[in-house]
Amino acid sequence: MRPVRDGGLVDLLDTALDKGILLNADIIITVAEVPLIGICLRAALASIETMLDYGVFQEDDPMIKGLNIKNI
Amino acid sequence: MAFYLYCLAKSNEDSNLGEIGIEKNKVYSIAVNGISALVHNSEEKPYQSEDKEKIENWLLSHQFVIDAATKKFGTVIPFTFDTIIKGENELKKWMEENTKEFRELLGKLENKAEYLVQIYMDAELFKKQMEKDEEIVKLKEGMNKKQKGLAFMIQQKIDMLIKNKIETESEKYANKFHEEIKSFGIVKYNDLKNPPEKYKDKKMILNLSCLIENKKVEGCGYYLEKINRGGFLVRFSGPWAPFSFAGEIK
């Protein structure tokens, strides 16, 4: 079988968002709130309930609390 | 002015990749000591939004630039989304200080790409096969002779037994496949989560990121095809820039 890119957004999340080099240096703009982007996107892929089932994050996760989930 | 950093590549020339960046920004290279940083001029703040379409487009653009750079330069060190360097002096100084590491890393990644290998088991099919299992057949025979309450308990025992057998079998297969896939390149485990929609009802038993040499990709595909024909479903996704194998740089 030949490799293909058929995973769409899920694969993008697994690569560009979750991986790639993370710079631990003081020369970068602080991106402390960036994980929110990941959460929004992941929420777009699956319902929050499913996400909780999968253990992607916990109900009392501070990042979830900071989000208005109803609007996603 | 800040710089949104997509990736690093081996090149000493000034390149312009055109307006292919996030929000159609012009992507160009800043070269230091034979290493080029592919960047766009950015504001000094991260890209953030709750608009999923917008974020999706950003991510697609991020990936698109890395793909374009891979095509042009061969090998790149990809950075994670939203890596923004404060200023030109900072960027150049950082590149000067790390030139040796970048060269070494690019050397290690040369002629290789990352692939995602996911293997799924058809749990329903396996359950059906389990119905012929001696232990289960015996339990079922016994169950038919018992009273309702007791039969219910035996059914629960059967369900648990099947579940445990599926776990044991999937682990056994996962270990076997993992060992064999390792012969094609460097392999890293990923969590067993987030399958694409069309695989949602299947049981993922293995999720690997593999750094495979270009000349070994065909052989790996051939091996995966054999697994695919043997009652499993295999996803072979790629090629990707080596997102999982570029490590952490200080």
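Let me begin with the side chains of B:Ser244 and B:Glu114, which are joined by a polar contact of 2.5 Å (a pair of N or O atoms within 3.5 Å, where within protein one must be able to donate a hydrogen and the other to accept it, and residues adjacent in sequence count only if both atoms are side-chain atoms). Please keep in mind that this is a predicted model, in which local features need pLDDT of at least 70 and side-chain atom pairs count only at pLDDT 80 or more, while totals for chains, interfaces and linings use all residues. Residues are numbered from 1 along each chain as its sequence is written, chains are lettered from A and ligands numbered from 1 in the order in which they are written, and side-chain values use heavy atoms, with hydrogens and water left out.

Staying with B:Ser244, this residue is buried at a relative accessible area of 10%, where buried means under 20%, exposed over 50% and partly exposed in between, with a 1.4 Å probe and protein chains only. Leaving aside neighbours within four places in sequence, B:Ser244 is in contact with A:Lys19, B:Glu114, B:Lys188 and B:Ser209, contact being heavy atoms within 4.5 Å.

Turning to charged pairs, the whole structure holds 14 salt bridges over all chains, each a side-chain nitrogen of Lys or Arg within 4 Å of a carboxyl oxygen of Asp or Glu. One of them links B:Glu97 with B:Lys93 at 3.2 Å between the closest N and O atoms; B:Glu97 is exposed at 52%, and B:Lys93 is exposed at 51%. Another joins B:Lys215 and B:Glu213 at 3.7 Å, N to O, with B:Lys215 exposed at 68% but B:Glu213 partly exposed at 25%.
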